[in-house]
Amino acid sequence: MNMKKRSTISDYVNSLLLAETINRCPLCGRFEVTTDEFDNHHINHDPAVSKYWNLIRLCRTCHDELTKHKHDGTRERRVRQIKKDLFRRLVGDASYQTLIMANKFGITGTLPSLGMSLLKLGLVAVKNNNPL
């Protein structure tokens with residue numbers, strides 16, 4: 001049997017996973033308290049890939065269910081959509097839209113430089129209407 005080696009999840013990635021779920025299972029809504037066990041689920045089921053985009057924090061029950069039904073495409077699509085929604089909420093909608101546009105046009109860099117690049121290319125506009 002060809003088992004892939006489990007990679008270590010960095011403290012930084014783990015802190016992002018905790019922040020995006022806010023101590024609540026994104027599938028069933030169960031709260032994480034000191035007596036509950038939550039796991040970091042590998043979305044693509046490859047334990048060798050412990051990058052942020054491939055992990056989602058779940059309660060043990062939901063994690064076990066996903067692992068048991070790992071070839072169920074409907075469940076996989078649902079988890080990927082939930083991860084996308086968690087990321088969008090974590091970074092904010094404007095930042096998320098900037099990242100989507102930057103990816104579409106092949107622009108890389110930090111978030112402020114992505115925004116500036118999109119402005120220079122005329123792909124976005126800034127309105128200076130200040131309601132205050």
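**View 1. The side chain of serine 95 reaches the backbone oxygen of valine 91 at 3.4 Å.** The model you are looking at is predicted, so local features need pLDDT of at least 70 and side-chain atom pairs count only at pLDDT 80 or more, while totals for chains, interfaces and linings use all residues. Residues are numbered from 1 along each chain as its sequence is written, and side-chain values use heavy atoms, with hydrogens and water left out. Serine 95 sits in helix 4, residues 93-104. Helices (H or I, at least four residues) and strands (E, at least two) are DSSP runs, numbered from the N terminus. With a relative accessible area of 19%, serine 95 is buried. Buried means under 20% relative accessible area, exposed means over 50%, and partly exposed is in between (1.4 Å probe, protein chains only).

**View 2. Here helix 1 (residues 11-21) and helix 3 (residues 73-91) cross at roughly 90°, with their axes coming within 9 Å.** That makes helix 1 roughly perpendicular to helix 3. Axes are lines fitted to C-alpha atoms, for helices over the stretch in contact, and angles run from 0 to 180 degrees between N-to-C directions. Angles under 35 degrees count as roughly parallel, over 145 as roughly antiparallel, 65 to 115 as roughly perpendicular and the rest as oblique. Look for Leu16, Leu17, Ala19, Glu20 and Thr21 of helix 1, which meet Lys83, Leu86, Phe87, Arg89 and Leu90 of helix 3. Contact means heavy atoms within 4.5 Å.

**View 3. Now find lysine 83, a residue of helix 3, whose side chain makes a polar contact with the side chain of glutamate 20 (2.8 Å).** A polar contact is a pair of N or O atoms within 3.5 Å; within protein, one must be able to donate a hydrogen and the other to accept it, and residues adjacent in sequence count only if both atoms are side-chain atoms. Lysine 83 is buried, at 6% relative accessibility. Beyond its neighbours within four places in sequence, lysine 83 is in contact with residues including Tyr52, Trp53 and Leu55.

**View 4. Isoleucine 22 has a positive phi of about 50°, although it is not a glycine.** Most residues other than glycine have a negative phi. You will find isoleucine 22 in the loop between helix 1 and strand 1 (38-42), and it is exposed, with a relative accessible area of 57%. Asparagine 23 lies in the loop between helix 1 and strand 1; its phi is positive, near 60°. Asparagine 23 is partly exposed, with a relative accessible area of 38%.
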